[in-house]
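Biologist: I would like to understand the words used for a protein model, and not just repeat them. Could we take them one at a time, setting each value against its definition?

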Amino acid sequence: MNSIVDFLQSTMLIERLFGVGAYVLALGYFYNQIRCSKDSRKIEKYLNHYLIVLCILAFFYVPGASADLSRWRAMAEPWKNADLMWFLENRVIVSTVPAGYLLVFLCQKTGIDGILPMFCAAGFFGNVFHMMKCESKRENVNSDSVAVTLLFVMSTGVFLEVISGVRCMLALSIVIRCAYDEMRMQKGVVRHIPLYIVAVLLHIAATPLIAIRFMCMIFEKKRNTILTFLNVIFVALCALMAVALGSDYIDAAFDKAMSYTSHNVYSYVWEYLIAGIGFVLILTTIHNLKKRYPDKWRELKPSIRFLSAIIAYALIFFNVYSICQRFFSVCLICAIPVVMQFFSCEYACNRGKTRRNTIIILMVVLLIACTRGNLCGYKFFVF
């Protein structure tokens, strides 16, 4: 009897079962509700409700000792009584990620531990669901394809990475949302410059992602040659300004990448398996979209070019767990318009085989994430 109790205490099996169970039940419920929705307003309502549930789960998250959230809480404990001006002068101004430090400081000043992971969950999934809502309002999109896309993103267990790693995934999601609005919603890049800056100041990992976005922008064709030329000039000016004004951040990003490649202290085979399956699904979807629906593929070409560049970056650093894992999550959310449009076309043509096979694979991925992946570490209480 004592051995059973010791096993349950050491593995936190009961706590993990309740935590993962709550996550799966919420995902299953909202997947079904969205799939049965009749219009985009219903879809938007359920995505908003799901966002609230995810924020609640994030608020009550109990991190493990090795989680970044635990490290930040320990580091920020003395900041509760610190003066704001002192903190700005001694922490924010001298840091290469001042917005990240300021975010942790402000959350810590509330005295409520759950505020930081909840804020990061709200920001990240708010950006993800924004993309889903916008795509769901397009003429050819149906609720079933939105539900499959939701399962595609949430089955991998990215949720735990968001609430445990806090700043990083929030920063990356800001960049992806800006890129999405520029490519799919035809919004100007100039209005997003402040957001790109905020993302870099939150986490250094946003730097290479922004660089990829601006390089892809050079190849985006505009309505006429003059606009295309101006696009190239704008990107060149941004690059010059980044080198002139942000060289410290570029150097910090480079040094961080080099430290990961030379000291890859952590790796996890099950997360590599999940990422590998995810990459295959994304690449297969792109291939099938081009083969079966070339008109839709041409419409999505800027998004696919950006997505392909991120996949290439992630695969180059495939042996570096931290980089590959983060950018696999970026690929998931960047693939939202591609996945949703593909399955909408499949639905319109009464092709259900690919959808069924994809859902089966995603259920296997969810099972791996819940039993062996990072998601199995989610718990909201400890005995």
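**Ser 329 and its surroundings**

Modeller: Let us begin with Ser 329, which touches Val 158, Glu 161 and Met 169 when residues up to four places away in sequence are left out; contact here means heavy atoms within 4.5 Å. This is a predicted model, in which local features need pLDDT of at least 70 and side-chain atom pairs count only at pLDDT 80 or more, whereas totals for chains, interfaces and linings use all residues. Residues are numbered from 1 along each chain as its sequence is written, and side-chain values use heavy atoms, with hydrogens and water left out.

Biologist: Why is Ser 329 called buried?

Modeller: Ser 329 sits in helix H18 and has a relative accessibility of 3%. Buried means under 20% relative accessible area, exposed over 50% and partly exposed in between (1.4 Å probe, protein chains only), so Ser 329 counts as buried. In the protein chain, 51% of the 383 residues count as buried.

Biologist: What makes Val 364 partly exposed, then?

Modeller: Val 364, which belongs to helix H20 (residues 353-371), has a relative accessible area of 42%, and therefore it is placed in the partly exposed class.

Biologist: How many helices and strands does the protein chain have?

Modeller: There are 20 helices and zero strands, taken as DSSP runs numbered from the N terminus (helices H or I, at least four residues; strands E, at least two).

Biologist: Which residues line the largest cavity?

Modeller: A cavity is a set of points on a 1 Å grid over the protein atoms alone where a 1.4 Å probe fits but cannot get out, and lining residues have an atom within 4 Å of a point. Thr 156, Gly 157, Val 158, Glu 161, Glu 271, Ile 274, Gln 325, Phe 328, Ser 329 and Asn 374 form the lining, and H18 gives the largest share, three residues.

Biologist: Why is H9 called roughly perpendicular to H10?

Modeller: H9 and helix H10 (residues 167-184) pack at an angle of about 110°, with their axes 5 Å apart. Angles of 65 to 115 degrees count as roughly perpendicular, under 35 as roughly parallel, over 145 as roughly antiparallel and the rest as oblique, so H9 is roughly perpendicular to H10. Val 158, Glu 161, Val 162 and Gly 165 of H9 meet Arg 167, Cys 168 and Met 169 of H10.

Biologist: What makes H2 roughly antiparallel to H3?

Modeller: The axes of helix H2 (residues 13-35) and helix H3 (residues 40-59) come within 10 Å and cross at roughly 175°, and therefore H2 counts as roughly antiparallel to H3. Among the residues in this contact are Ala 22 and Phe 30 of H2, together with Tyr 46 and Leu 57 of H3.

Biologist: Why is Gln 186 called exposed?

Modeller: Gln 186 lies in the loop between H10 and helix H11 (193-202), and its relative accessibility is 63%, so it counts as exposed. Gln 186 also has a positive phi of about 60° although it is not a glycine. Most residues other than glycine have a negative phi.

Biologist: How do you know that Asn 350 is exposed?

Modeller: Asn 350, in the loop between helix H19 (336-348) and H20, has a relative accessible area of 72%, and therefore it is exposed. Asn 350 likewise is not a glycine but has a positive phi, of about 55°.

Conventions:
1 Å grid on protein atoms, 1.4 Å probe; cavity = no way out; pocket = protein on both sides within 12 Å on 5 of 7 lines; lining within 4 Å. Axes fitted to C-alpha atoms, helices over the stretch in contact; angles between N-to-C directions.
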